Amino acid sequence: MATSSRRVPLLLLCLGVLVSCSFAAGSLDQELDITWGDGRGKVLDNGRLLTLSLDRTSGSGFQSRHEYLFGKIDMQLRLVPGNSAGTVTAYYLSSQGGAHDEIDFEFLGNVSGEPYTLHTNVFTRGQGQREQQFRLWFDPTADFHTYSILWNPKHVIFMVDDMPIRDFRNLESKGVAFPKSQPMRLYSSLWNADDWATQGGRVKTDWSHAPFSASYRGFKADACVAVAGGRTRCGATVGTEGTGAPASAAGAGDWYNQELDLTLQQRMRWVQRKYMIYNYCTDPKRYQQGLPAECSMQ
Ligand SMILES: *[C@@H]1O[C@H](CO)[C@@H](O)[C@H](O)[C@H]1NC(C)=O
């Protein structure tokens, strides 16, 4: 990756600064690197705001400096307003390599006045095809809203303004792979996907509205950060770094053991009933050999 040469000195810097490092909150450019788009991605307002833009020539994107092995990652996004048909704003965690793990939010734009589609997916060991899509209960272009991924050893929970919309549970005991050993980096990009994104590719990007722009603020990674030698550093347990301790939850916050209580499970089911527009688990046509195992356990 483009930033690998910068990563080492930054890591050393982090160890020097100790606790402050993995808990973002400060300037966005301390935690995120704009990695492509030739100036189309910008950090503004003393590091409080990040914008990505897309025009006919290119989109743009950023990634987190750290890789995480479990965490609660929050970001506030305001999506491309007006006629955003054909544009996709992707916001996801991903590990590297072929058998990679990935946790995706993707926002598919639309013509003015028509709703965005929030697309979600979970990949484990390179295997995805677990799409669930939602409408939002607000206009995601009018203001910032918080999109969160809570990833701990038992759950991957997608949240919108603290409302859980999807819970991918650890069902390894039932033979379903779960992401839990490959560290993941956060990525986001704004790009043109008018070959498929809007109304199945029928509506094309209208370049007379370019440049398209999406905005980010309020990044917070309350997470275990991958450090050298396959170890992780969770929250304030920086002191154990370098002692050869295995990855452990020591120092991680409440998120590490968080599950949805009954109230939150009910809220999630309500959102799913009202706003889910596609669920791979209710699409048996796709699966000749039967639905994926987790579908009967949700
Ligand atoms: C765009 O709006 C149309 C009409 O309301 C809807 O069918 C479609 O799902 C929306 N989203 C996308 C990404 O096409």
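**Entry 1: Asn110**

I started with Asn110, which touches Gly82, Asn83, Ser84, Ala85, Pro115, Thr198 and Gln199, leaving out residues up to four places away in sequence. Contact here means heavy atoms within 4.5 Å. A note to myself before going on: this is a predicted model, where local features need pLDDT of at least 70, side-chain atom pairs count only at pLDDT 80 or more, and totals for chains, interfaces and linings use all residues. Residues are numbered from 1 along each chain as its sequence is written, and side-chain values use heavy atoms, with hydrogens and water left out.

Next I looked up where Asn110 sits, and found it in the loop between β6 (102-108) and β7 (117-123). Strands (E, at least two residues) and helices (H or I, at least four) are DSSP runs, numbered from the N terminus.

Is Asn110 buried or exposed? Its relative accessibility is 9%, so Asn110 counts as buried. The cut-offs are under 20% relative accessible area for buried, over 50% for exposed, and partly exposed in between, using a 1.4 Å probe and protein chains only.

I also checked the UniProt record, an unreviewed entry, and it places the feature "glycosylation site" at Asn110. UniProt positions are given in the numbering used here, feature names are shortened, and annotations may be inferred rather than shown by experiment.

**Entry 2: the ligand**

Which residues surround the ligand? I listed Leu108, Gly109, Asn110, Glu114, Pro115, Thr117, Arg135, Ala197, Thr198 and Gln199.

Then I went through the polar contacts, which are pairs of N or O atoms within 3.5 Å. Asn110 turned up again: a polar atom of its side chain lies 2.4 Å from an oxygen atom of the ligand. For Thr117, an N or O atom in the side chain is 3.3 Å from a ligand nitrogen. Pro115 uses a polar backbone atom, 3.5 Å from a nitrogen atom of the ligand. On its own the ligand has 360 Å² of accessible area, and the protein covers 71% of that. Those areas come from the Shrake-Rupley method with a 1.4 Å probe.

**Entry 3: disulfides**

A disulfide is a covalent bond between the sulfur atoms of two cysteines. How many disulfides are there? I got 2, counting pairs of cysteine sulfur atoms within 2.5 Å.

One joins Cys224 to Cys234, with 2.1 Å from S to S. Cys224 is in strand β13 (residues 212-227) and Cys234 in strand β14 (residues 231-234), so this link ties together parts 10 residues apart in sequence. The angle about the S-S bond is 110°, making the link of Cys224 and Cys234 right-handed. Both Cys224 and Cys234 are buried.

Cys281 and Cys295 form a disulfide too, with their sulfur atoms 2.0 Å apart. Both cysteines lie in the segment after β15 (276-279), so the pair Cys281 and Cys295 ties together parts 14 residues apart in sequence. This link of Cys281 and Cys295 is left-handed, at -80° about the S-S bond. Cys281 and Cys295 are both buried.

Most residues other than glycine have a negative phi, and most peptide bonds are trans. I went looking for exceptions.

Asp45 has a phi near 55°, a positive value. I found Asp45 in the loop between β2 (42-44) and β3 (49-54), partly exposed at 46% relative accessibility. Asp161 has a positive phi as well, about 50°. Asp161 is in the loop between β10 (155-160) and β11 (163-169), and its relative accessible area of 33% makes it partly exposed.

Which peptide bond is cis? The one from Ala210 to Pro211 is, with omega near 0°. Pro211 lies in the loop between β12 (184-192) and β13.

How values were computed. Near = heavy atom within 4 Å. Polar contact = N/O pair within 3.5 Å; in protein donor to acceptor, adjacent residues only side chain to side chain.
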